[in-house]
Amino acid sequence: MARSGALIILGVLAMALAAGGAEGARAFFVFGDSLVDNGNNNYLATTARADTPPYGIDYPTRRPTGRFSNGYNIPDFISQELGSESTLPYLSPQLTGQRLLVGANFASAGIGILNDTGIQFANIIRIYRQLDYFEEYQRRVTALIGAARTKQLVNGALVLITLGGNDFVNNYYLVPFSARSRQFALPDYVKYVIAEYKKILRRLYGIGARRVLVTGTGPLGCVPAELAQRSRNGECSAELQRAASLFNPQLVQMLNVLNREVGSQVFIGVNTQRMQNDFISNPRAFGFVTSKVACCGQGPYNGIGLCTTASNLCPNRDVYAFWDPFHPSERANKMIVQQIMSGSRRYMHPMNLSTILALDSST
Ligand SMILES: *[C@@H]1O[C@H](CO)[C@@H](O)[C@H](O)[C@H]1NC(C)=O
Ligand SMILES: *[C@@H]1O[C@H](CO)[C@@H](O)[C@H](O)[C@H]1NC(C)=O
């Protein structure tokens, strides 16, 4: 009995060593838009960037990094939960050698599910290009540690993908009578976007992803930028809220279909709409003085234009749910990741990240 117990423990240890190896924690890969970009756009000729103050004012270096946050963003807090350093942007020249084994962040502010989303930002890394880079990454790692260990690293990794918001705010609703809004009624547009997202997730699976956190959109109509442009009395924009409430449930259904197709719980739905709605409906319960006014910006709700050195800047970023007109503050990001870790099924479908980490370490 004692002997077989010891053997089991040895077996588990051997498997943990094989999976993590000398590299330690499991690798982490990030795809998507500005909610998760940690600096790729710094290397591109685009207007979608966060590399000037006051971005990064609460980051450990107190300097801008390209994250659309006053400090850390969602991927940073997930890396902390994995016990890893933050992943580097894929375009960073520092991403070489052993650092490749931590993972990589391929995200690029401004992009969407559709190729025509964010065209006004010129050179950004559209999602298919991010996936091409992931394949290139795997070739680079193969040269370093060989094909078998690379496959293990990729299959054993955690993946985060955040897409969809820009397909509404920077496409369908970007201007009145946009090309997409003339082409599709909103419910048909949502169906189209979801069908295109399914192709992207299939490809991600095809190139090795086996545990993928897929976030829905936040409450699009309630962000300070939309309150400034569309709201009379501070109520959320009904039209954008309608978009989010059509998109998010269909996303979960689509993930269910994909999971059945691949025969395993690969895709995990993260209900960011519900997580952020909690702050928005009762900011004080979460220690925020407001969820309507951005910390950094100008005009009504500090929701007009960009956050720059000339903007209003709040003294205490921790009491604002929104850092800039579109993006959560560092503290809101931290609370979102706490829900990703331990939220109930209302927030995490079909299970939370702590359950996933426990499951994956025991198989
Ligand atoms: C978007 O671009 C990719 C790569 O360039 C292409 O494979 C894909 O078919 C395009 N999607 C649509 C809907 O045109
Ligand atoms: C989520 O995580 C917590 C542990 O932090 C666990 O107790 C709980 O049962 C989990 N919930 C679900 C729905 O998996």
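Before sorting residues, I noted that Ala, Val, Leu, Ile, Met, Phe, Trp, Tyr, Cys and Pro count as nonpolar, Asp, Glu, Lys and Arg as charged, and the others, Gly among them, as polar. The model is predicted, so local features need pLDDT of at least 70 and side-chain atom pairs count only at pLDDT 80 or more, while totals for chains, interfaces and linings use all residues. Residues are numbered from 1 along each chain as its sequence is written, and chains are lettered from A and ligands numbered from 1 in the order in which they are written.

**Ligand 2.** I looked up the residues around ligand 2 (C-beta atom, placed from the backbone, within 6 Å of it) and found Ser342, Ser344, Arg345, Met351, Asn352, Ser354 and Thr355. By class, I put down one nonpolar, five polar and one charged.

**Strand E3.** I then turned to E3, residues 158-162, where strands are DSSP runs of E with at least two residues and helices are runs of H or I with at least four, numbered from the N terminus. Five of its five residues are buried (20 or more other C-beta atoms within 10 Å of a residue's own, these atoms being placed from the backbone), so E3 is largely enclosed by the rest of the structure. Leu158, Leu160 and Thr162 point one way, whereas Val159 and Ile161 point the other. Strands pair if DSSP finds at least two bridges between them; E1 (residues 28-32) runs parallel to E3 with five bridges, and Phe31 stands opposite Ile161. E4 (residues 212-215) is also parallel to E3, over four bridges, with Val159 opposite Val212.

Key: Buried ≥ 20, exposed ≤ 12 C-beta atoms within 10 Å, placed from the backbone.
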